[in-house]
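Here is a short note to read alongside the model. Keep the structure open and find each residue as you go.

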Amino acid sequence: MREGLPRRLQAVVLLRCPRCLGGAVFASLWKMHPLCPSCRLEYEREPGYFTGAMYVSYGLGLALCAPLGVVLMVLGGLSANQSILAIAVMVPFLAPLLFRYSRVIWMHLDQLLDPR
């Protein structure tokens, strides 16, 4: 079943299942459900399945940190080294978000390309 883009984007933002778009992916901050609570989709297709999510996480981190660095230098008046230090201090606090969203985005991309 093909779902509209707005509904799929809403499911990504809400960290929902890539197949039914309703079941929660995460049970807690770091722990994923092994199966979708609603449609019983197995989230990890095979060992190493989430390796691709690391690339998504890198892209998300870059998309968040690069503009922030420019803003800190231009509007904040910080040097490049000070901006890098400020971002390096902030990245560990972004880790839970990057982890969760990179996995969900990866699963949604995979579902769109190879539906189960």
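1. Start with H108: leaving aside neighbours within four places in sequence, H108 is in contact (heavy atoms within 4.5 Å) with R8, A11, V12, R16, C17, P18 and L21. H108 is found in helix α3, residues 80–113; helices here are DSSP runs of H or I with at least four residues, numbered from the N terminus. H108 counts as buried because its relative accessibility is 3%; buried means under 20%, exposed over 50% and partly exposed in between, with a 1.4 Å probe and protein chains only.

2. A word on the source: this is a predicted model, where local features need pLDDT of at least 70, side-chain atom pairs count only at pLDDT 80 or more, and totals for chains, interfaces and linings use all residues. Residues are numbered from 1 along each chain as its sequence is written, and side-chain values use heavy atoms, leaving out hydrogens and water.

3. How many salt bridges are there? The count is two, taking a side-chain nitrogen of Lys or Arg within 4 Å of a carboxyl oxygen of Asp or Glu. In one, D110 pairs with R45, with the closest N and O atoms 3.1 Å apart. That pair links distant parts of the chain, since D110 is in helix α3 and R45 in the loop between α1 (5–13) and α2, 65 residues apart.

4. D114 also forms a salt bridge with R45, the closest N and O atoms being 2.8 Å apart. Shared partners join R45, D110 and D114 into one network. Is D110 buried or exposed? At 15% relative accessibility, D110 is buried, while R45 is partly exposed at 26%.

Key
Helices (H or I, at least four residues) and strands (E, at least two) are DSSP runs, numbered from the N terminus.
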